[in-house]
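Please look over the sequence and the model first.

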Amino acid sequence: MTTPGSSGRVAGEIATPTTPVPTVDLPTLDRDELLRYSRHLILPEVGVEGQRRLKAARVLLVGAGGLGSPLALYLAAAGVGTLGLIDHDVVDVTNLQRQVLHGTSDIGRSKLASAADRMREINPHVKLELHETRLTSANALEILRDYDLVADGTDNFPTRYLVNDACVLLGIPNVYGSIFRFEGQVSVFATADGPCYRCLFREPPPPGLVPSCAEGGVLGVLPGLIGTLQATEVVKLILGVGEPLVGRLLLVDSLGPSFRTLKLRRDPTCPACGTRELQELIDYEHFCGITTGGELIHSELTVPSITPLELADRLASGGELTLLDVREQHEWDIAHLEGARLIPLGSLAESLDSLDPDAELVVHCKSGGRSAKAVRQLREAGFTHVLNLDGGILRWSDDVDPSVPKY
């Protein structure tokens with residue numbers, strides 16, 4: 001058993017360009033592997049010894065979604081000997097636009113089961129370690145401690161901070177990636193001499209400020225680009241070749257397209273990798289202002305709400321309600337509620353004069369996040385009869401009218 005600050009690695013120890021890994025105890029390659037990896041073996045920077053390093057390595061992939069898909073596919077194909085995969089979700093039809101690890105026949109299946117089938121088909125030589133659970137402060141150190149590298153494919157701030165802090169405590173490099181709409185970021189955190197995620201983002205953004213991909217969208221091919229860059233960094237770190245993105249943040253704009261690199265420094269006041277005052281994992285949902293159920297925890301941010309079934313009853317009984325939709329026009333074109341008025345959230349402030357402050361308003365969006373912001377904005381402007389539609393138009397489709405398309 002290892003302790004924080006020591007990963008306990010032997011054969012799979014990660015190399016750097018200046019500190020090559022000893023070849024003692026590295027596994028051998030059989031004839032099938034020599035043929036399978038032949039295009040690696042003829043690269044002088046890889047060769048037989050490098051492929052043996054890949055086979056010895058143990059890499060944990062956090063998430064089997066958009067970023068996890070190219071990570072899993074390419075690292076399995078590359079011959080990384082042991083791949084751990086942690087996820088607790090099931091495949092949904094909305095995943096398939098970008099999560100190429102899964103297919104239509106996998107809808108409703110565990111993502112881990114789907115991923116395992118695909119990865120074994122790509123390379124039966126790779127050992128898979130599946131962790132079908134939610135990564136938490138209670139289990140993160142136990143799960144991460146036996147891996148050489150962690151590749152973070154998560155899509156939320158609590159888990160990003162959790163992965164970062166666990167990697168710092170255990171001394172394991174964290175290959176980070178994130179995506180939103182048309183842009184992405186890649187870096188390598190928590191190495192011996194480099195910065196960590198907290199050096200870049202000391203505090204999480206205010207709850208609700210940054211929309212999720214479900215709210216803001218993401219270009220389907222972007223996770224493939226960013227996840228492949230992450231996989232490249234993983235391979236470079238294992239082989240000890242090239243210049244890993246330690247102390248650098250790669251910014252990718254797919255619309256440009258453009259690639260920019262920003263230099264990062266370790267912050268000596270960082271509580272994780274600087275002062276080392278962070279000695280144990282914390283409650284990351286609370287740290288990011290969210291409860292485990294996904295609600296905002298600050299009382300001043302809570303808003304009065306109404307469920308879709310309650311709203312349907314009110315409308316059926318002839319209740320005088322004004323339905324206000326704060327989504328964007330392109331979302332309205334996909335689906336909208338009959339009788340609703342569209343005022344995108346970004347235009348709400350300039351449209352207040354067109355609304356009756358005495359009317360009872362029910363504000364809705366896709367899933368309830370943006371409409372909660374709109375309710376708070378309206379209440380601050382003096383509107384006293386304002387309710388948020390709990391779960392948004394998605395829950396309306398589930399609970400009231402399935403003919404309303406989901407997206």
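Buried means under 20% relative accessible area, exposed over 50%, and partly exposed in between, with a 1.4 Å probe and protein chains only. By that rule, helix α15 (residues 392-399) buries Gly392, Ile393, Leu394, Trp396 and Ser397. Helices (H or I, at least four residues) and strands (E, at least two) are DSSP runs, numbered from the N terminus.

The model is predicted: local features need pLDDT of at least 70, side-chain atom pairs count only at pLDDT 80 or more, and totals for chains, interfaces and linings use all residues. Residues are numbered from 1 along each chain as its sequence is written, and side-chain values use heavy atoms, leaving out hydrogens and water.

Cover for the buried residues of α15 includes α12 (308-316) and β13. Contact means heavy atoms within 4.5 Å. The α12 and α15 axes, lines fitted to C-alpha atoms over the stretch in contact, come within 9 Å and cross at roughly 75°. The two helices are therefore roughly perpendicular (65 to 115 degrees).

| Helix | Residues in the α12-α15 contact |
|---|---|
| α12 | Pro308, Leu309, Leu311, Ala312, Leu315 |
| α15 | Arg395, Trp396, Asp399 |

Six of the contact residues are nonpolar, none polar and two charged.

Two strands pair if DSSP finds at least two bridges between them. Strand β10 (residues 322-325) pairs with β11 over two bridges. Leucine 324 has arginine 341 in β11 as its bridge partner.

Conventions:
Axes are lines fitted to C-alpha atoms, for helices over the stretch in contact, and angles run from 0 to 180 degrees between N-to-C directions. Angles under 35 degrees count as roughly parallel, over 145 as roughly antiparallel, 65 to 115 as roughly perpendicular and the rest as oblique. Ala, Val, Leu, Ile, Met, Phe, Trp, Tyr, Cys and Pro count as nonpolar, Asp, Glu, Lys and Arg as charged, and the others, Gly among them, as polar.
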